Amino acid sequence: MAISNPTKDIVNTIFSLPTIPKKQEKSDNSGMMSPLTKRKNVDSKKSKMQNEPIYKMVKLQQDIKEIRMQIKEAKNANV
Amino acid sequence: MQTYEQSFDRPIPGQSLTAELGSRPWQQPYELTDVEETAEYYIAQIANDKFSKALMHTMKTGVPLTTIANSMQLVGVMEGKHSVDVGILVLPVIMETMMLIGDSAGVEYTTGLEEGKELDQDVLAAAAIDKMINNSSSSTQKEINTTNEEVIVEDKPIEEKVSSGLMARRV
């Protein structure tokens with residue numbers, strides 16, 4: 001009887017997700033046009049998806065992965 | 001026709017009712033209810049020196065990271081730290097952190113996600129036992145070699161004692 005491995009399935013699915021693009025740095029609204037371009041209630045415009053626990057976990061996992069890849073590359077470059 | 005092996009390694013019916021309700025840690029309100037908090041808890045735990053050394057040793061034995069991560073989160077559930085669903089959500093982060101530890105230490109590890117490599121517990125156990133036997137046999141061989149040397153040293157010809165007393169007699 002084949003034993004299913006839910007851990008493997010879940011982790012495989014999350015690892016295969018596309019990389020979440022990083023946020024673009026917003027301007028600090030300090031120019032002459034700042035009163036016009038200033039956004040109000042930025043948090044309320046934040047998509048609901050970003051508040052989902054799975055989104056937060058995927059983002060955290062991808063951040064750690066990025067650090068891991070940097071370490072790996074640095075090690076390979078030294079060798 | 002599919003047949004199922006009967007397993008005796010499971011709780012007997014009604015066993016869950018033998019303890020008073022709320023007496024177990026997992027029946028209490030969870031300590032960590034947020035996924036971010038839980039992830040931080042596990043990252044801190046893995047980054048601990050003592051734990052990371054033990055983890056690297058386990059990685060070297062060939063135990064897949066999925067198995068370690070799953071065990072960790074199950075223990076968390078058992079101790080009443082978090083719920084099962086939070087544990088499942090945190091799994092990829094635990095795995096990635098362990099991979100980070102392994103890569104930075106230069107340890108080769110098995111993720112358990114490799115295609116075509118089914119996680120057959122029997123095969124895994126057999127491989128671990130083989131590895132242990134090989135290690136122990138090499139150390140035993142070393143011991144045998146050293147004892148042989150000692151024996152060789154001990155095998156020096158015994159000098160005959162020359163009896164030189166009044167009552168001495170020749171044999």
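**Reading a two-chain contact**

Tutor: The side chains of B:D103 and A:R68 meet in a salt bridge, 2.9 Å from N to O. B:D103 lies in helix 4 of chain B and A:R68 in helix 4 of chain A, so the pair joins two chains. The model is predicted: local features need pLDDT of at least 70, side-chain atom pairs count only at pLDDT 80 or more, and totals for chains, interfaces and linings use all residues. Residues are numbered from 1 along each chain as its sequence is written, chains are lettered from A in the order in which they are written, and side-chain values use heavy atoms, with hydrogens and water left out.

Student: What counts as a salt bridge, and how are helices assigned?

Tutor: A salt bridge is a side-chain nitrogen of Lys or Arg within 4 Å of a carboxyl oxygen of Asp or Glu. Helices are DSSP runs (H or I, at least four residues), numbered from the N terminus.

Student: Are B:D103 and A:R68 buried or exposed?

Tutor: Buried means under 20% relative accessible area, exposed over 50%, partly exposed in between (1.4 Å probe, protein chains only). B:D103 is buried, and so is A:R68.

Student: What does B:E96 touch?

Tutor: Contact means heavy atoms within 4.5 Å. Not counting residues up to four places away in sequence, B:E96 touches A:F15, A:Q61, A:I64, A:K65 and A:R68.

Student: How do I read the size of the interface?

Tutor: Interface size is often given as the accessible area lost when the parts come together. Buried area here is that loss (1.4 Å probe), summed over both parts. Between chain B and chain A it is about 2300 Å², with carbon and sulfur atoms giving 72%. Chain B puts 31 residues into the contact and chain A 22 residues.

Student: Which residues form the largest nonpolar core?

Tutor: A nonpolar core is a set of buried Ala, Val, Leu, Ile, Met, Phe, Trp, Tyr and Cys residues joined through side-chain atoms within 4.5 Å. The largest has 31 residues, and those with the most contacts inside it are A:F15, B:I46, B:L55, B:L65, B:I94, B:M95 and B:M98. Helix 4 of chain B gives the most to this core, with 10 residues.

Student: What surrounds B:V93?

Tutor: B:V93 is found in helix 4 of chain B. B:V93 is buried at 1% relative accessibility. Leaving aside neighbours within four places in sequence, B:V93 is in contact with A:M57, A:L60, A:Q61, A:I64, B:A39 and B:I43.

Definitions and conventions. Buried area is the accessible area (1.4 Å probe) that two parts lose on being put together, summed over both.
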